[in-house]
Amino acid sequence: MTIGLEPLPAPITGGIRLKALLGNRLGLIGVIMLTLAVAVAIFAPLLAPTDPYEPVRVSIDDIYAEPSSAHLLGTDDAGKDVLSALVYGSRVSLIVGFSAAFISLLIGGTIGLVAGYFGRALGNFLMRVTDFFLVIPDLALQIVIVAIVGQSLRNIIIVIGALGWTTTARLVRAQTLSVKERKFVFRARALGAGDFHILRRHIVPQVLPLMVANTVLVISLAILSESTLAFIGLGDPTVISWGQMLNFAFARGAVSAGAWWALIPPGLAIVWVVLATTLLGNALEELLNPRLGRHHLEPEPSPPAPLAVKSAPSDAALSIRDLRVEFGDEEAPLVAVDGVSVDIRRGEAVGIVGESGCGKTTMMLGALRLLAPGGRVTAGEVLYEGEDIVRMGADDLRKLRWAELSVVFQGAMNALNPVRTIGDQIEEAIRLHDESASPRAAEARARELLELVGMPGDRVDAYAHELSGGMRQRAMIALALACDPVVVVADEPTTALDVMVQAQIMALLVSLQRRLGMAVALITHDLGLVAESCDRIVVMYGGIVAEQGSVSEVFANPQHPYTKLLLEAFPDVDDTDKALVSIPGAPPRLDDLPPGCRFAPRCPAAFGRCQVERPPAYVVASGSEVACFLVDPARPKEAADA
Ligand code: SF4
């Protein structure tokens, strides 16, 4: 299985954000308009000609007096200066807008994060609650509650905030669902990080900018809500807000008096702030909404019942025994890996090859319990130090991951968190598994690791997007080595790199494997890499192991027809005249597996038995295991010769 992802956008730092926002014309207009409104609110005592809260003596001529040099926007029904009320009113409207939006952010953000991250029953329950609040008209509920709890400004803020979180919750949930499927979260889980750590360090930083963008939009809704409540007489009577001004003007004869100045300015002020926050919110959302690719994370399936399987060899670092991985419906599962047994011995490099869809990555992700949702190990064992990973508790598994078993993911751009520096991510891995490591020691170790993989130590401060493809992959390798693992799974570590960089990365991986004595499981399509770098080879086809043995034996004397065809399709630098052949057909679909040998439909040597019976793994004279009836020692000699 190949994990293919859209490249993640480069991290948007504060400077880049501001620059991009100012480059967005509508966003810039929103910033200017909102800044003006906030400035007016802050400097109201300096800007307002009079204090509208101060009692004044008025005559009948002062009521709804037309705009004049004494009162630029005329007076209201109490003979007070409309401009002053407008300036002071901005304070109430903005306080309500910002405070209520903050409450909505807290409630909606928390619900969205929990529902998106934990999903399943809790997520569904929270989303049903959200749907319930979504279908109830906000305004009707606000009117009822404010009428019951009282019209104080504090109550109005709480009611608007507590009822305005639904869109935030849905947005945050959707983003959390996307972000948690990114490879860097997958990698953090593989590091052994717990849920809270992943949420705090990896999910929230990615979701927060969108929450902020959404909050700006919620501010405008909150201001509108407050204005509406005030307009219908449910505003706080002790404060002046724009909605309150409109309420007084309508209720106290401004329309019949033709006092447009008592109506239009507060109406325009509301439009001004709502328009400013909407423009700014939309621009922020446009700027901050990353194009999130898809990659699935591990569900926690219930472990299969223990099976009686043969024990692992004594020198095995990781022993996969009769592993079966299924996807989809439990009643009619798709079997992606079927009864695979592979041993990765201490200090050796094992190349796992085969066409796409043959189960290479699924086998290793299944072994590490990092399968996509819907995927589950239904049989077999994965033994590490005598412990079965398949049945291991979550805490033990977290301790094991990365400290003992780490992964070099393909596509480092996706596997590295784009908003955190390389050093930060390496230090995270170190400190997750060594709580006594001080930040200084972890940073020193991160520098050391970068130097070990041929990068300058000061690149600890670099972000993934600041590195070339080769450097990113080196950083990914440094990350995989952070805790001195015993086994490293390298999942197509040179995919998408050019040939020269591929060679450098592989040379690096091989030299590190030999220097550090770790075991490496190299998942690749490249037989050349396996020939140069590995001690043993595992050839997978249709979710089973077709052949496995030492690289020298399998390359010199392949036994399985599929292995032979793979090698024939592989160019040989020593034999430039070699005619390359492609293997006709394609690997079987998981929902349409052949009843007998999985390779039979494409096999040039297939015979009757192959169509109905699945070949077991035969151990041949060289020590290789070959799943093909051609090497069945019980096969009649004349048939074998034929
Ligand atoms: S068992 Fe039969 S079909 Fe399968 S690889 Fe061997 S010869 Fe071909």
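1. Two strands are said to pair if DSSP finds at least two bridges between them. In this predicted model, eight strands form an open sheet with mixed pairing, arranged in the order 6-7-8-3-9-10-12-11. Its edge strands are strand 6 (405-408) and strand 11 (618-619), each of which pairs on one side only.

2. In total, the protein chain contains 24 helices and 12 strands. The chain has 642 residues, and 48% of them count as buried. Among its contacts with a separation of 6 or more, 70% are between residues 24 or more positions apart.

3. Four bridges link strand 6 to strand 7 in the parallel sense, and L405 stands opposite V487 of strand 7.

4. A second pair of strands shows the antiparallel arrangement. Strand 9 (residues 536-541) and strand 10 (residues 544-550) run antiparallel and are joined by six bridges. Within this pair, M540 has V545 of strand 10 as its bridge partner. Helix 22 (residues 561-568) lies across strand 9 and strand 10, and also across strand 3 (349-353). The angle between helix 22 and strand 9 is about 105°.

5. The next point concerns a loop residue. H525 is located in the loop between strand 8 (519-523) and helix 20 (527-533). Why does H525 count as partly exposed? A residue is buried if 20 or more other C-beta atoms lie within 10 Å of its own, and exposed if 12 or fewer do. H525 counts as partly exposed because it has 17 C-beta neighbours inside 10 Å. H525 and E355 are 170 residues apart in sequence, yet their C-alpha atoms are 6.6 Å apart in space.

6. The last point concerns the ligand. How many residues surround the ligand, and which are the closest? The ligand is surrounded by 13 residues, of which the closest are C597, C603, A606, C610 and C628.

How values were computed
Residues are numbered from 1 along each chain as its sequence is written. This is a predicted model: local features need pLDDT of at least 70, side-chain atom pairs count only at pLDDT 80 or more; totals for chains, interfaces and linings use all residues. Helices (H or I, at least four residues) and strands (E, at least two) are DSSP runs, numbered from the N terminus. Two residues are in contact if their C-beta atoms, placed from the backbone, lie within 7 Å. Axes are lines fitted to C-alpha atoms, for helices over the stretch in contact, and angles run from 0 to 180 degrees between N-to-C directions. A residue is near a molecule or strand if its C-beta atom, placed from the backbone, lies within 6 Å of it.
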